[in-house]
Amino acid sequence: MLSRLYKFGWLPALSTLLLPLLLMSHLGCSSGRQVVKQSEAAPPEPVREETPPPPPPARQPAVEREDVPAPRPLMLANVHFDYDKYDLTATAREILAAHARALRERPELNVRIAGHCDERGTIEYNLALGEKRANAVRDYLVSLGVERSRLSTISYGKERPLDARSNEEAWAKNRRAEFVILNQ
């Protein structure tokens, strides 16, 4: 068949027409670009925004502890009485005024006031005198602003002497009111 086409001169004419078409189609595809139809392409991946990592938790401000020193134990000095008396002396009033200030500053404290006597007199008489001494001290502290409910009294009479000797010096030490802090 090719020989017939060649023989009649169609092949050269046909080749003259087809050759440029083949070259054009080849050159058109040789640009290296690939045309991808949109429908055949893989779906675009969703755009992910880079989110920065969460910030570290905010540091809680340190609770500033105030270095408040623990309250010092309260010590209340004894007050003394004259022989066979329960009146408060000037010295006793000064001491009790200081006690009242300290007790007002420490309202959490409760105090027991113990009345004491020297060895002279009967047990019953000294128990009653010791009670009057304790009550006189309590009432004076109340008059200076200390709540009565924080103060209790007891009388030991002559049963708990500070000084066991039998002389004026020892008796003066034993005629007293003592303070016991009940809750410190």
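1. Let's start with Arg175, which counts as buried, at 6% relative accessibility. The cut-offs here: buried is under 20% relative accessible area, exposed is over 50%, and partly exposed is in between, using a 1.4 Å probe and protein chains only.

2. A word on what you're looking at. This is a predicted model, where local features need pLDDT of at least 70 and side-chain atom pairs count only at pLDDT 80 or more, while totals for chains, interfaces and linings use all residues. Residues are numbered from 1 along each chain as its sequence is written, and side-chain values use heavy atoms, with hydrogens and water left out.

3. Back to Arg175: what does its side chain pair with? Arg175 makes a salt bridge with Glu168, with 3.5 Å between the closest N and O atoms. (A salt bridge means a side-chain nitrogen of Lys or Arg within 4 Å of a carboxyl oxygen of Asp or Glu.) Glu168 is partly exposed at 44% relative accessibility. Both residues belong to a salt-bridge network that also takes in Asp118 and Arg120.

4. Arg165 is worth a look too. It has a salt bridge to Asp163 at 2.7 Å, N to O, and Glu169 bridges to Arg165 as well, the closest N and O atoms being 3.8 Å apart. Is Asp163 buried or exposed? Asp163 is buried, at 11% relative accessibility, whereas Arg165 is partly exposed at 38% and Glu169 is partly exposed with a relative accessible area of 47%. Across the whole structure, a search turns up 11 salt bridges.

5. Next, the sheet. Helices (H or I, at least four residues) and strands (E, at least two) are DSSP runs, numbered from the N terminus. Four strands make an open sheet with mixed pairing, in the order E1-E4-E2-E3. E1 and E3 are the edge strands, each pairing on one side only. Two strands count as paired if DSSP finds at least two bridges between them; E2 and E4 have five, in the antiparallel sense. Ile113 sits opposite Phe179 in E4.

6. Helix H3 covers residues 90-105, which makes 16 residues, and spans 23 Å from first C-alpha to last, close to the expected 22 Å. That expectation is 1.5 Å times one less than the number of residues. Which of its residues are buried? They are Ala92, Leu96, His99, Ala100, Ala102 and Leu103. Seen down the axis, the buried residues of H3 fall within an arc of 165°, so they line one face of the helix. (The arc is taken from the directions from the helix axis to the C-beta atoms.) On the other side, Ala90, Thr91, Glu94 and Glu105 are exposed.

7. What do the buried residues of H3 pack against? They meet strands E1 (79-80), E2 (111-116), E3 (151-157) and E4 (176-181), plus helix H4 (123-143), with contact meaning heavy atoms within 4.5 Å. H4 itself lies across E1, E2, E3 and E4, running at about 155° to E3. Axes are lines fitted to C-alpha atoms, for helices over the stretch in contact, and angles run from 0 to 180 degrees between N-to-C directions.

8. One backbone detail to check: Asp84 has a phi near 55°, a positive value in a residue other than glycine. Asp84 lies in the loop between E1 and H3, and is partly exposed with a relative accessible area of 35%.
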